[in-house]
Amino acid sequence: MAVTRRGILIGALAGGGLAVGYLLRPRRFPMPLEPGRDEYAFGAWIKIAADGVVSVAVPQVEMGQGITTLLPQVVAYELGADWRQVSVEPAPVSAIYANAVLAAKWAPLWLPLLPEIAENPDGFAARRFAQDHRFNVTADGTSLAAYEGPARAAAASARALLVQAAAARWGVAPEQCEAANGLVLHEGKRLPFGPLAAEAAGFSPPDPPPLRADAMAEKPGEFPPGAPLRRPRLDLPSKVDGSWTFAGDVRLPDMLRAAIRHAPIGKAELSGFDESAGKGLKGFSRFVRGPDWIAALAGDWWTAETALDRARPRFRVARGSDSSEADNALDEAMRLGTPTRLHAEGDMAAIEGGLPVQIRYEVAPAVHAAIETGSATARFENGRLELWIGTQAPEAAREAAAAALGLRAADVVLYPMPIGGSFDRRLECAHAAQVALLAKEAGRPVQLTLSRRQDHFAAYPRTPAVAVMAARTDAEGGVAGWRARIAVPATAREFGRRFFSGEASFGALDAVADVADPMALEGAVPAYAVPSLAVDHVPANIGLPTGRMRGNAHGYTAFFNESFVDELAHRAGREPLAYRMAMLGHDPRLAECLQRAAGLAQWGGGGDSSGQGIACHLIGEGRIAVVASARRDENGVRVDKLSAVADIGRIVNLDIARQQIEGGLVFGLGLALGCSPNYTGGRPDSERLADLSLPTLADCPAMEVDFIESTDDPADPGELGVAVVAPAVANALYSATGLRFRRLPLFAEDM
């Protein structure tokens, strides 16, 4: 069979081990990359211009995690490109860029909604689902796992074609040539990629792609081999000089600005407003009503916001979410609810009934508090919608906008924009539908920007949770049996119904009210070897819609587990580090993280008044251990230092890996000390970032981060720090003060 350029697309995706899926169900997709003038496309991932600039298509949104550097770095290594000539462009929505890794991980969320697949699942269901739904969602740190292989295969094919073109010019065998630093070389002769691109695009690519030898096995600390891991981020210069364009920076001719007011969280509808409020405001255009929102259009955002203030919109709320009701629902579920056992190992009889140690922990709701609030720009002309939006789920945003206007998704052109921090907030796409309606009503382009208060109104927080951790200890104080009973909504399944089937918030909440949800308890199985172990989920209908957040369930299950094991160590009179190490003989990687973190922090044993606390956790194949030095004084909680050691497998870019761990630690610190609004009648009490007790720059501790060298596949570093910092700080505060903090955020602990 002849190898074609289209075959490269299939071959590249087969780099993820899914070639058989194509053979079972062959499909053809249009080429997603459109070469510009003097540019030549090499498959779905790479364009090379006549001036030698290599453009890499990245199908994941850049929201600070560095993916617009990581994937181009992989391509540059495999292609032999000069890093100074590498650029990046967001990939268009296409089935070719389907994130099958995330689709497989989220299968429990979409399989129940597709009975024709759920009844007959096979090994390729996730790939088929991801392609059919153009599912290139950015979440759960799956970018490298999903796209490194395909991008690298495409780069290897492009390199082979460039070498063929140069070899043909010189009349030599391609095997005698090499590509490096943007040049093809042969015995002192050299040709840049640019002049070769046109000829190279005319050759048939090799099958399979000739990947470079995996030198990572020999030099795990270097990528690419022989070069430092500190390649500068491609997005850094424009972010420093302010030229990086976010959704709120889009400017279109004759564009109106929109401000919005959302109903309180609950079953609510707009009941009235002062329609004359905009009169006399220069630049004011009109009000636009939605089912549970109202927006004002004007020549500038401030005028639109002022018009809404004057209009004083009123909402009829039938079922407003309330924090006290949520707390009561969790209490009732914990006391009276029927648990579902999600994990069991060992002798269950040893952990039934009332165990000698039973401790309750609580976690309040938390909001994302991303720097950039929701923003989108839309233009509707001739039955076609153009949408500029920062989203983690581009196809879901297209579908939401299309549904709002009664269009087909094919009639919506989405321009993916970077995001100024998301933390899974931009998996929700309500503002895509809102701005689409505004653009249609206005007959002009409209840019919608949410105020901080409205962003909090529209956000679904990370779920609250309550756990009763119980244990039976042996004669030496070691853990003989461990039982976790966790009351929490089926938050992941609730999100899944909103995301995959478009259900309204309370419809999704009610539909899963009594459903067990393993994804809502991810991380609840401790890392330690325990003879008898059980994890029970008690579903709770708390009357508050919840959503995903960076760290997700690990953000509270790590707090439960690592606080509990610390308490067990102190009850047994054992040193907390040694107590953990005794249960990690099966996981030497996590044990090494603990030992290295202790050395990095000059661990003193966590004794009385030391102010040191230790914690560890694993997410997938990623592992981390953290030692926190903390104190509490008249000004509140103060964390002076965090020392972390992570094992995230092979590191592609050391600086980005460190940034992700450090950023996760600071984000987790914010969740440990604040980020938790109270809801009354569906209204959160936080209107500003200042209301959330977030750590300021002055509050950020000194941080030391180190990594274990490894040749294993890369694991995501972005959520590890988020999960582990809260228990480390809580354990440190116990060491410093003798007070055990069992509720997040920590300052809300009732002492």
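I began with the salt bridges and found that the structure holds 51 of them. I note that this is a predicted model.

**Entry: Arg740 and Asp566.** I looked up the side chains of Arg740 and Asp566, which meet in a salt bridge at 3.5 Å, N to O. Arg740 sits in the loop between helix H22 (720-737) and strand E28 (743-744), and Asp566 in helix H18 (residues 554-571), so the pair ties together parts 174 residues apart in sequence. Are they buried or exposed? Arg740 has a relative accessible area of 13% and is buried. Asp566 is buried too, at 2%.

**Entry: Arg589 and Asp647.** I found a salt bridge between these side chains at 2.9 Å, N to O. Arg589 is in helix H20 (residues 588-601) and Asp647 in strand E24 (residues 636-647), 58 residues apart, and I wrote the pair down as a link between distant parts of the chain. Asp647 is buried, because its relative accessibility is 2% and buried means under 20%. I also saw that Arg589 and Asp647 belong to a network of salt bridges with Asp587, Glu621, Arg623 and Asp712.

**Entry: Arg688 and Asp691.** Their side chains form a salt bridge at 3.2 Å, N to O. I have Arg688 as exposed, at 51% relative accessibility, and Asp691 as partly exposed, at 34%.

**Entry: H3 and H8.** I then turned to two helices. The axes of H3 (residues 67-79) and H8 (residues 143-170) come within 8 Å and cross at roughly 35 degrees. The crossing is right-handed. I sorted the residues of this contact into 14 nonpolar, one polar and four charged. Among those in contact are Leu70 and Val74 of H3, and Tyr147 and Ala151 of H8.

Technical notes
Residues numbered from 1 in each chain as written. Predicted model: local features only at pLDDT ≥ 70, side-chain atom pairs only at ≥ 80, totals over all residues. Heavy atoms only, no water. Axes fitted to C-alpha atoms, helices over the stretch in contact; angles between N-to-C directions. Helix = DSSP H or I, 4+ residues; strand = E, 2+ residues; numbered from the N terminus. Left-handed = near helix turned anticlockwise from the far one by under 90°. Contact = heavy atoms within 4.5 Å. Nonpolar A, V, L, I, M, F, W, Y, C, P; charged D, E, K, R; others polar. Salt bridge = Lys/Arg side-chain N within 4 Å of Asp/Glu carboxyl O. Buried < 20%, exposed > 50% of the residue type's maximum accessible area, 1.4 Å probe, protein only.
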